[in-house]
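Here are my notes on the structure, as numbered points. Please read them with the model open beside you.

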Amino acid sequence: MNNERILISGAGIAGQAAAYWFSHFGFRSTVVERAPGLRLGGQGVDVREQAIEVIERMGLASRVRAAAADVRGMQFVDRVGKPVARIDIQRVKEKIDSAEVEIMRGDLVRMLYEITSGSVEYRFGDAIVSLDPESDGVTVGFERGRSERFDLVVGADGLHSAVRRLAFGPDAEFVRHMNHYFAFGDADAALGPDRWVTLYNTPGTVAGIYRSGNHEQAKVYLGFRSPRVDFDPRDTTAVHRILIDRFGGEDAWQVRNLLDNALADEELFFDSLAQVHLPSWASDRIVLVGDAAYCASPVSGAGAELALTGAYRLAGELAAANGGYRRAFGEYERAHGPVVTEKHRIGPNLRMMIPRTRFGIAARNTITRLPIMESLAGMERIMAPRTPTPLPDYERVLCGV
Ligand SMILES: Cc1cc2nc3c(=O)[nH]c(=O)nc-3n(C[C@H](O)[C@H](O)[C@H](O)COP(=O)(O)OP(=O)(O)OC[C@H]3O[C@@H](n4cnc5c(N)ncnc54)[C@H](O)[C@@H]3O)c2cc1C
C-alpha cells in the first residue's frame with residue numbers, strides 16, 4: 001500500500017473513526033490529541049441513516065444500542081418549572097419505525113478508543129504547530145518540540161481545526177457564525193425529570209437539563225443568541241464570565257443551579273454555533289474530516305453521522321485507490337459532498353429552541369401542544385431527502401467483487 005503512514009489530529013468521533021478504518025484497510029495511523037486524555041463531554045449525539053451501517057461494519061452496533069440514551073422527549077417549562085408544552089420524540093420514532101440511536105457523545109468516544117487503542121498509536125497532550133508539505137510527504141512540527149515525517153495528514157480537530165488553519169487559511173474564511181452560543185456540561189440529575197430534555201426560555205436564551213434513563217449523570221444545556229463574541233474557548237475564566245453575564249441574574253426554575261453546575265464542570269464545552277464551508281476538503285497530502293471540514297453545528301443533529309460516514313469513506317477510498325491520495329480525496333469529496341450539503345440545511349429547530357421574543361416563546365408552545373406536531377415531525381423525517389450516494393462496501397471493492 002502507498003502512503004501508509006498517516007497522522008490524524010484530534011481524537012474525537014471523526015479522528016478515531018478514521019483511525020479505525022485506516023487500520024482496518026492496512027494503513028498505520030497515529031492520533032495526536034491536544035487534550036491530556038479523551039474528551040468525554042457533550043450530550044446525546046444521533047447515529048442516523050448511513051452512520052448506522054458504519055457502526056454495524058465496525059462491529060459496534062450492539063454496544064451502541066445497549067448504551068443508547070433513553071430519552072422520551074423534550075418539554076418546555078414555565079418559570080416555576082411547570083411543563084407548558086412537550087413533544088414525545090419516542091412516539092415519533094415508533095411511528096416512523098426509525099433505526100436511529102441517540103448515544104452520549106462520551107460513550108461513543110470511549111467505545112471508539114477501545115476498538116482502536118490496540119492498533120493505533122495515540123499521543124495525548126500534544127498538537128501540530130507546523131505542516132511542511134513536500135513531494136513525498138509532510139514534515140510535521142509538534143508543540144512538544146520535535147518534527148516528524150508522515151505520508152498524509154488528516155485534520156479531525158473540530159470546528160477550530162489547527163490543521164485547517166495551517167493548510168487552508170484562517171477560521172474567518174471558512175467558519176460561518178450562526179449568532180448563537182451553546183454550553184454543555186455535567187449536571188446534578190436531581191435538577192430535572194428522568195428521560196426528558198427539560199428547557200426553560202427567556203427571549204433569546206435557553207437553559208435546560210438533559211436526562212437519559214440509562215445514565216446517572218445529567219447534562220446541563222445553556223444557549224443564547226448573540227452576535228460574534230471575541231473569546232478563546234479554552235480560556236475558562238472568559239467562558240465563565242460570558243455565562244454568568246447571561247444567566248447569573250435569572251432566578252426562574254432551576255436556571256441558577258444549572259449555571260452553578262456548568263461552572264463547576266472542568267470539562268465544560270462552550271462554543272459558538274457555527275458551520276464550516278470549504279471549497280475543498282483536501283490540499284495536496286492534507287485532508288479534513290468531521291467538523292474540521294464540514295461542521296453542520298449541534299443544532300443539525302448530524303455531527304456524529306457526518307463524522308462516522310466521512311471517516312469511513314475517506315479511509316475506504318484511500319484503500320480502494322491503493323493509497324493514491326489524489327484520486328481518493330477527490331472521490332471522498334464527490335461522494336460525501338451531497339450528504340454534507342443536505343445536512344447544512346437547518347430547518348426551524350433553532351427558532352423553536354430559542355425564540356427571539358416572548359410572543360415567539362408563546363407561539364412555539366402553542367404549536368408544540370398541537371396534536372399534529374408529532375405527525376408533522378414524523379412526516380419531516382419520512383420526507384427528508386435520502387442520502388443520494390449509497391455507502392460502498394469497500395471490502396468488496398478491494399476484493400474486486
Ligand atoms: C467536548 C465536546 C463536547 C461536545 N458536545 C456536543 C454535544 O453535546 N452535541 C453535539 O451535537 N455536538 C457536540 N460536540 C461536537 C461533536 O462532537 C461533533 O459535531 C461531531 O461528533 C464530529 O466530531 P469531530 O470529531 O469532527 O470533532 P470534535 O468532537 O470537536 O473533536 C475534535 C477533537 O480534536 C481535538 N483537538 C482540537 N484542536 C486540536 C489540535 N490543535 N490538536 C489536536 N487535537 C485537537 C479536540 O480536543 C477533540 O478531541 C462536542 C464536541 C466536543 C469536543
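Is Asn322 buried, partly exposed or exposed? Asn322 is partly exposed, because its relative accessible area is 41%, and buried means under 20% relative accessible area, exposed over 50%, partly exposed in between (1.4 Å probe, protein chains only).

1. Basis of the note. This is a predicted model, in which local features need pLDDT of at least 70 and side-chain atom pairs count only at pLDDT 80 or more, while totals for chains, interfaces and linings use all residues. Residues are numbered from 1 along each chain as its sequence is written, and side-chain values use heavy atoms, with hydrogens and water left out.

2. Positive phi. Asn322 has a positive phi of about 55° and is not a glycine. Asn322 sits in the loop between helix H11 (303–320) and H12; helices (H or I, at least four residues) and strands (E, at least two) are DSSP runs, numbered from the N terminus. Arg195, also not a glycine, has a positive phi of about 70°. The loop that holds Arg195 runs between strand S12 (175–187) and strand S13 (196–202). With 26% relative accessibility, Arg195 counts as partly exposed.

3. Salt bridges around Arg123. A salt bridge is a side-chain nitrogen of Lys or Arg within 4 Å of a carboxyl oxygen of Asp or Glu, and by this rule the count comes to 25. Arg123 is bridged to Glu121, with the closest N and O atoms 2.9 Å apart. Arg123 counts as buried at 14% relative accessibility, whereas Glu121 counts as partly exposed at 38%. Arg123 also forms a salt bridge with Glu148, where the closest N and O atoms are 3.0 Å apart. Glu148 lies in strand S10 (residues 147–150) and Arg123 in strand S7 (residues 121–124), so this pair ties together parts that are 25 residues apart in sequence. Both Glu148 and Arg123 are buried. A network of salt bridges links Arg5, Glu121, Arg123, Asp126, Arg146 and Glu148.

4. Glu134 and Arg149 form a salt bridge through their side chains (2.8 Å, N to O). Glu134 is in strand S8 (residues 128–134) and Arg149 in strand S10, 15 residues apart, and the pair links distant parts of the chain. Glu134 is partly exposed at 35% relative accessible area, and Arg149 counts as partly exposed at 34%.

5. Ile286. This residue is in strand S18 (residues 286–288). Why does Ile286 count as buried? Ile286 counts as buried because its relative accessibility is 2%. Contact means heavy atoms within 4.5 Å. Leaving out residues up to four places away in sequence, Ile286 touches several residues, including Leu131, Val153, Phe168 and Phe329. Ala167 is another of the residues that Ile286 touches; the two are 119 residues apart in sequence and 7.4 Å apart in space, C-alpha to C-alpha.

6. His344. The loop between helix H12 (325–343) and helix H13 (349–353) contains His344. His344 counts as buried, at 13% relative accessibility. Apart from neighbours within four places in sequence, the contacts of His344 are Gln275, Val276, His277, Tyr294, Cys295 and Ala296.

7. Arg39. The loop between strand S2 (28–33) and strand S3 (44–47) holds Arg39. Arg39 is partly exposed, with 39% relative accessible area.
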